[in-house]
Structures are given as structure tokens and as C-alpha cells.
Amino acid sequence: MSQPIHEKSLIIIKPDAVQRNLIGEIVGRFEKKGLKIVGLKMMSVEAATLEEHYAHINDKPFFPGI
């Protein structure tokens, strides 16, 4: 019998959603879809880290706004 496939995803909630108190709503939507939340971490990320993370879209016209 084959093993079930387990995938992990990184979800980043932008500061404006945090300021608007939407964290619970966002997490709730994932749970309603049947996804299991295995960890949460609140942190501030430096600009250099974000630029590296989003390197694949940094040439898009919408990038400066995110």
C-alpha cells in the first residue's frame, strides 16, 4: 500500500491584513477547506529576505506594491 502524499505550504499574511484583524478569517478559510495547520509564527521579515523570496516576480509591474 502506498503512503499518502504530505505537502507543506508557506502562507504569508501581509501586514495590511494583520492590521485589519483578518488573521483568524484567513486561517479559518484554510481549515474549512480541510487543511491542517501545524504551526504558526508571527514575525517581521527584512526587505532583503522578501526580495529573495519574491525574486521570481520582481520584474512584474505589480511587484513594488507588494
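This briefing describes the fold, surface, pocket and selected residues of one predicted protein model.

Because the model is predicted, local features need pLDDT of at least 70 and side-chain atom pairs count only at pLDDT 80 or more, whereas totals for chains, interfaces and linings use all residues. Residues are numbered from 1 along each chain as its sequence is written, and side-chain values use heavy atoms, with hydrogens and water left out. The protein has 3 helices and 0 strands, where helices (H or I, at least four residues) and strands (E, at least two) are DSSP runs numbered from the N terminus.

**Fold and dimensions**
- Along the sequence the elements follow the pattern α-α-α.
- The protein has a radius of gyration of 15 Å, but a compact globule of 66 residues would have one near 11 Å; the radius is taken over C-alpha atoms, and the globule rule is 2.2 Å times the number of residues to the power 0.38.
- Taken along the principal axes, the C-alpha atoms fill a box of roughly 45 × 30 × 20 Å.

**Surface**
- Of the 66 residues, 9% count as buried, a class defined by under 20% relative accessible area, with exposed over 50% and partly exposed in between (1.4 Å probe, protein chains only).
- The accessible surface comes to about 6,600 Å², of which 56% belongs to carbon and sulfur atoms; areas come from the Shrake-Rupley method with a 1.4 Å probe.

**Largest pocket**
- About 1,400 Å³ of space lies in the largest pocket, a pocket being an open set of points on a 1 Å grid over the protein atoms alone where a 1.4 Å probe fits, with protein on both sides within 12 Å along at least five of seven lines.
- The lining comprises 32 residues, of which S9, L10, I11, I12 and G39 are the closest to the pocket centre; lining residues have an atom within 4 Å of a point.
- Helices α1 (15-19), α2 (23-32) and α3 (47-53) each supply at least two lining residues, and α2 gives the most, with 4 residues.

**Selected residues**
- N21, found in the loop between α1 and α2, has a phi near 60°, a positive value in a residue other than glycine, and N21 is exposed, with a relative accessible area of 68%.
- H53 lies in helix α3 and is partly exposed, with a relative accessible area of 38%.
- H53 and P15 are 38 residues apart in sequence and 16 Å apart in space, C-alpha to C-alpha.

Methods. Grid points are joined across faces, edges and corners, and a volume is the space filled by probe spheres set on the points.
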